[in-house]
There are 2 protein chains.
Amino acid sequence: MADEGLAAETLCQVAITVKDIEKASKAWAAALDLPVPEARLTGPAEETHARYHGRPTEAQARLAFFNLGPITLELIEPVGEPSTWRDGLASGSAVHHLAWQVRDADAAAARLQAQGIPVAQTGDFRGGRYVYLDARERLGVTIELLGSRP
Amino acid sequence: MADEGLAAETLCQVAITVKDIEKASKAWAAALDLPVPEARLTGPAEETHARYHGRPTEAQARLAFFNLGPITLELIEPVGEPSTWRDGLASGSAVHHLAWQVRDADAAAARLQAQGIPVAQTGDFRGGRYVYLDARERLGVTIELLGSRP
């Protein structure tokens with residue numbers, strides 16, 4: 001057991017979609033008693049190669065992070081569309097994903113897809129890439145796999 | 001900084017409300033590659049002293065836990081009502097709360113209440129007590145404080 005599934009990887013992040021990242025960052029900073037983090041915009045599509053349900057998307061997001069020890073709390077304000085971030089906000093479900101740092105993103109994604117959990121969005125960022133799997137129906141949240149670039 | 005807020009405490013749990021805990025436990029067990037945990041019913045009201053928005057409630061829940069290293073993933077199937085678990089399921093927002101193990105639940109709750117985050121539900125369990133604060137509007141999720149019994 002636990003040699004191949006997500007339990008063998010590292011849960012590293014809880015992410016929440018927000019309408020106004022400055023307002024949300026201030027509220028979280030107050031609750032946590034931490035400094036307000038600076039929000040930063042994700043790169044343009046030519047840099048991130050973002051794909052939404054298989055198709056390239058120009059959508060971006062503004063991100064802010066709080067370090068909570070074993071995991072980070074990520075706030076996400078969607079910019080443009082289509083994206084799973086925009087979908088999350090539209091659905092009224094604030095928590096967007098739980099993220100795992102994985103050793104092999106393709107293998108981990110294939111295992112979840114074989115369980116009927118489809119890939120919803122993918123993209124690159126400085127230092128890595130991400131795969132969002134739409135496990136909302138099956139598990140209640142989107143699952144993010146964080147891996148290194150191939 | 002971080003001497004008094006939640007960042008000075010221990011984030012220990014992400015919880016998801018589910019309609020069918022057997023089905024959800026099996027789906028999560030498959031994704032995680034862990035054994036299916038046994039669901040257990042919370043105690044009766046005379047044992048848990050559960051209060052919902054200040055009033056005693058008979059509501060219970062069936063709970064199942066996965067140990068994910070630094071934090072646990074909790075699945076919650078509401079039984080009876082009223083409860084924040086039932087509210088969570090009705091709202092369509094699967095993630096119910098982020099929980100912190102705190103040194104002083106009353107002090108931590110007072111700090112959050114002073115920020116405009118009200119207490120929604122409280123109760124006891126074997127070995128401790130919990131306070132749910134309704135931070136859905138302000139932070140996007142309910143905050144749970146786990147403390148020892150006074």
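Me: Which residue in β4(A) is the bridge partner of Arg51(A)?

Reply: In this predicted model, the bridge partner of Arg51(A) in β4(A) is Pro56(A).

Me: What makes β3 and β4 of chain A a pair of strands?

Reply: Two strands pair if at least two bridges are found between them, and 2 bridges join β3 (residues 51-52) to β4 in chain A, so the two count as paired by that definition. These strands run antiparallel.

Me: Why is β4 of chain A called an edge strand?

Reply: Strand β4 (55-56) of chain A pairs on one side only, as does the other edge strand, β2 (40-41). In chain A, the open sheet of 10 strands has the order β2-β5-β6-β1-β7-β10-β9-β8-β3-β4, with mixed pairing.

Me: How do you know that chains A and B are related as by a two-fold rotation axis?

Reply: Chain B can be laid on chain A by a turn of 180° and a shift of 0.0 Å along the axis, with an RMSD of 0.0 Å. The two copies are therefore related as by a two-fold rotation axis. In chain B, the C-alpha nearest this axis belongs to Ser93(B), at 2.3 Å.

Me: Which residues of helix α3 in chain B are buried, and what makes them line one face?

Reply: Thr84(B), Trp85(B) and Gly88(B) are buried in α3 (residues 84-91) of chain B, where buried means under 20% relative accessible area. Seen down the axis of α3(B), the buried residues fall within an arc of 105°, so they line one face of the helix.

Technical notes:
Residues numbered from 1 in each chain as written. Chains lettered and ligands numbered in written order. Predicted model: local features only at pLDDT ≥ 70, side-chain atom pairs only at ≥ 80, totals over all residues. Heavy atoms only, no water. Helix = DSSP H or I, 4+ residues; strand = E, 2+ residues; numbered from the N terminus. Least-squares fit on C-alpha atoms with pLDDT ≥ 70 in both. Buried < 20%, exposed > 50% of the residue type's maximum accessible area, 1.4 Å probe, protein only. Arc of directions from axis to C-beta.
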